[in-house]
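User: I am learning to read a protein model. Please take me through some of its features.

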Amino acid sequence: MTHTKTITLYTDGACSGNPGPGGWGVFIAWNGHEKDLNGGEAETTNNRMELMAAIKGLESLKEPCRVELYTDSKYVMQGITEWIAGWKAKGWKNASKKPVKNRDLWEPLDALVQKHDVHFHWVKGHSGDAGNDRADQLARDGIERIE
């Protein structure tokens, strides 16, 4: 799969209480251009917002691209790169034979990862990484957007 564009996505989720009001944020960079995306939900969890950030970032791309996706969520990183194949093979059951949490978000994320050439990178949160800090602020701003 050859893609002409390489897009950089920084994604983050935030939750005030867990569960509670939550927000997701995405900072997109490509060829000198930048774009911010965010949103929120009234009752959610931090993990759901981390997943939503990755989904919304990938959904925003108008054509298949190579994507360098940076997240501070080991849940998202390991889920999509390590655990998902086993979950699908076991009929969406986890190692404890219980239904996988957030399947309603893992499935669309998996489909988007198939559409693009996505390379996941884990970055330590709140460590001074400018892209991650921007995505974090966008996620926190997403909570403020909830009506």
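User: In the hairpin of β2 and β3, which residue takes a positive phi?

Analyst: The model is predicted, so local features need pLDDT of at least 70, side-chain atom pairs count only at pLDDT 80 or more, and totals for chains, interfaces and linings use all residues. Residues are numbered from 1 along each chain as its sequence is written, and side-chain values use heavy atoms, with hydrogens and water left out. Strands (E, at least two residues) and helices (H or I, at least four) are DSSP runs numbered from the N terminus. The hairpin has 2 residues between its strands, and the one with a positive phi, near 50°, is N31.

User: Over how many bridges do β2 and β3 pair?

Analyst: Two strands pair if DSSP finds at least two bridges between them. In β3, G25 has N38 as its bridge partner. The pairing of β2 with β3 (residues 33-44) is antiparallel, and the number of bridges is 10.

User: How many aromatic pairs are in the whole structure?

Analyst: Rings of Phe, Tyr and Trp (its six-membered ring) pair if their centres lie within 6.5 Å; planes under 30 degrees apart count as stacked, over 60 as edge-to-face and the rest as tilted. A search of the whole structure gives a total of 6.

User: What is the angle between the planes of Y10 and F27?

Analyst: Y10 is in strand β1 (residues 6-15) and F27 in strand β2 (residues 20-30), 17 residues apart. Both Y10 and F27 are buried, where buried means under 20% relative accessible area, exposed over 50% and partly exposed in between (1.4 Å probe, protein chains only). Their rings are 6.2 Å apart, centre to centre, and form a stacked pair with an angle of 25°.

User: Why is the pair of Y75 and W106 classed as it is?

Analyst: Y75 belongs to helix α2 (residues 74-89) and W106 to helix α3 (residues 103-115), 31 residues apart. The ring centres are 5.3 Å apart and the planes are at 65°, so the pair is edge-to-face.

User: Is W106 buried or exposed?

Analyst: W106 is in one aromatic cluster with Y75, W83, W87 and W92. The relative accessible area of Y75 is 19%, so Y75 is buried. For W106 that area is 0%, so W106 is buried.

User: Which ring does the charged end of K74 sit over?

Analyst: A charge sits over a ring if NZ of Lys or CZ of Arg is within 6 Å of the ring centre and within 35 degrees of the ring normal. K5 lies over the face of W30, at 4.5 Å from the ring centre. For K74 the distance to the ring centre is 4.6 Å, and the ring is that of W122.
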